[in-house]
Amino acid sequence: MSLSKSHFPSFNMADFSDSMKKLGSTTSTFFNRAKQYTEEQLGKSEATVLDARFESLVEKADRTKCRTEQLLRQTETLLQPNIGVRAEEYVYDKLEKKKPERKTNLETLGCYMSETGQEFGPGTSYGGALIKCGETEKKLGQAEKEFMRKTNSHFLQPLRSFLEGDMKTIQSERKTLFAKRLDLDSCKSKVRKAQSPEKMQQMHSAAVKNKNSNSLFLINELDQAEQELRVAQAEFDRQYEVTKLLLDGINTAHANHHRALLSFVEAQAQYYAQCHNYMQELHRQLGTPPGDILPPTPAASAPSAAEVAAGPDPAGFTRPAQTKKAKVLYDYDAADDSELSLLSDEILTVYTLPGMDNDWMMGERGRQRGRVPVTYLELLD
C-alpha cells in the first residue's frame with residue numbers, strides 16, 4: 001500500500017523556529033531570575049525596595065490568610081469533631097456528590113431512649129418518661145443540624161470562597177510581581193555593568209583609536225540594556241499597581257467576614273434558645289418523679305421568723321393547710337440554703353408563715369422547700 005504525503009503531518013520550519021525562540025527566551029529569563037535571586041541572597045546585588053505601605057498590606061494579607069484558615073478549621077471541628085467524618089465529607093464536596101444523611105449523637109440517643117421506653121411500656125411511669133426524653137433529644141438533634149447548616153452556608157462558605165478565590169488571586173499576582181521585580185533588578189544590573197568605568201574606558205579607547213566596530217558594539221550594548229530596563233520598569237509598575245489594588249481589597253474581605261460572623265452568632269443564639277425551650281418543656285412534662293412526696297411530720301407550733309430565715313426546713317414544722325399554686329416567671333438562683341432556686345414556667349406550691357417578710361413566701365418542689373421571692377411568682381387561682 002502506497003502512502004501519500006497527506007498521511008504524514010506537515011512540518012513548518014517557521015513554526016519550529018518560533019517555538020525554539022520562545023523556549024530560548026523562557027530559559028534565558030528563568031536563569032536570569034535565578035542568578036539575580038542568588039546574588040541578592042549572597043549580598044552581591046541590590047533588590048528594589050517596595051514602599052512601607054505596600055509591605056504593610058502584604059503583611060496584613062498574610063495574617064488574614066493564616067487566621068482565616070485557622071478559623072475555618074476550628075469551626076469545622078466544632079461542627080464535626082470526628083476527623084474521619086470530616087475527611088469523608090471533604091471528599092464528597094470535592095467530587096460534588098451528595099453527602100449521606102447522618103444522625104447526630106443527640107438523635108441517636110433519642111432513638112435509643114424511645115425504643116427503651118416502648119420496651120418498658122409507654123403506660124409505665126419510667127417508660128413514658130424515656131419516650132418523652134427521647135422525643136426531646138431528637139428535637140435537639142434537628143436543631144443542631146439546622147445550626148450546622150446555617151453555620152456552613154452563612155459563615156464557613158464565605159471564608160472558603162475568600163481563600164479559594166480572592167486569596168489565591170492575590171498569591172498568584174504577588175508571585176508575578178516578584179518575578180517582575182527580579183527582571184527589573186536584573187536589567188538594572190546590566191545597565192550598571194554597561195555604564196561601569198571599565199566599559200566606558202573601553203568605549204573611549206575604541207573611539208580614540210577609531211575602532212568603529214568595537215565602539216558601536218559597546219554603544220549598542222548600553223542602548224539595549226537601557227531599553228530592556230525601560231520595558232522591565234513599565235511591566236513592574238503595572239504589576240505593582242494590580243497587586244496593590246488586590247491587597248487593598250483585604251479590608252472589604254474583613255467587612256464581609258464580619259457580616260458572616262454576625263450570622264454565625266445569630267445562628268448559635270437561636271440554636272441555644274431552642275435547646276433551652278425544649279428542655280424547659282421537657283422538665284415541665286416530666287414534673288415530679290413518682291413517689292417523690294413530702295414525708296409526714298409531727299404536729300408542732302409554727303416557727304418564728306428567725307427560725308424561718310435560718311433554714312428551709314425547721315424541725316417540728318407542719319405545713320399550713322392553706323396553700324396555693326404559683327407559676328415561676330423568671331429563673332432565680334438561691335442566695336443561700338434557706339432559699340429555693342427557681343426555673344421559669346415551673347409550678348410550685350407556695351404559702352406564707354407567721355413572721356415572714358411580705359416580699360417572701362415558702363415554696364415547695366417535691367421534697368425541696370425554701371423561701372422564694374414574691375416578685376418572681378404569678379399566683380394561680
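**Helices, strands and rings in a predicted model**

In this predicted model, the axes of helix α2 (residues 52–79) and helix α5 (residues 125–194) come within 10 Å and cross at roughly 150°. That makes α2 roughly antiparallel to α5, a term for angles over 145 degrees. The residues of this contact divide into 15 nonpolar, 5 polar and 6 charged, and α2 passes α5 in a left-handed crossing. Residues are numbered from 1 along each chain as its sequence is written. Local features need pLDDT of at least 70 and side-chain atom pairs pLDDT 80 or more, while totals for chains, interfaces and linings use all residues, and side-chain values rest on heavy atoms, with hydrogens and water left out.

A search of the whole structure finds 9 aromatic pairs, where rings pair if their centres lie within 6.5 Å. The ring centres of Phe 54 and Tyr 240 are 4.8 Å apart and their planes stand at 25°, so this pair is stacked, that is, with planes under 30 degrees apart. Both residues, Phe 54 and Tyr 240, are buried (under 20% relative accessible area, 1.4 Å probe, protein chains only). Elsewhere, ring pairs link Phe 147, Phe 155, Phe 264, Tyr 271 and Tyr 272 into a cluster.

Turning to the strands, β1 (residues 324–328) pairs with β2 (residues 347–351) in the antiparallel sense over 4 bridges, pairing being counted when DSSP finds at least two bridges. Here Lys 325 stands opposite Thr 349 in β2. Strand β1 is also joined by 4 bridges to β5 (residues 377–380), again running antiparallel, and Lys 327 stands opposite Glu 378 in β5.

How values were computed
Axes fitted to C-alpha atoms, helices over the stretch in contact; angles between N-to-C directions. Helix = DSSP H or I, 4+ residues; strand = E, 2+ residues; numbered from the N terminus. Parallel < 35°, antiparallel > 145°, perpendicular 65-115°, else oblique. Left-handed = near helix turned anticlockwise from the far one by under 90°. Nonpolar A, V, L, I, M, F, W, Y, C, P; charged D, E, K, R; others polar. Phe/Tyr/Trp six-rings, centres within 6.5 Å; stacked < 30°, edge-to-face > 60°. Buried < 20%, exposed > 50% of the residue type's maximum accessible area, 1.4 Å probe, protein only.
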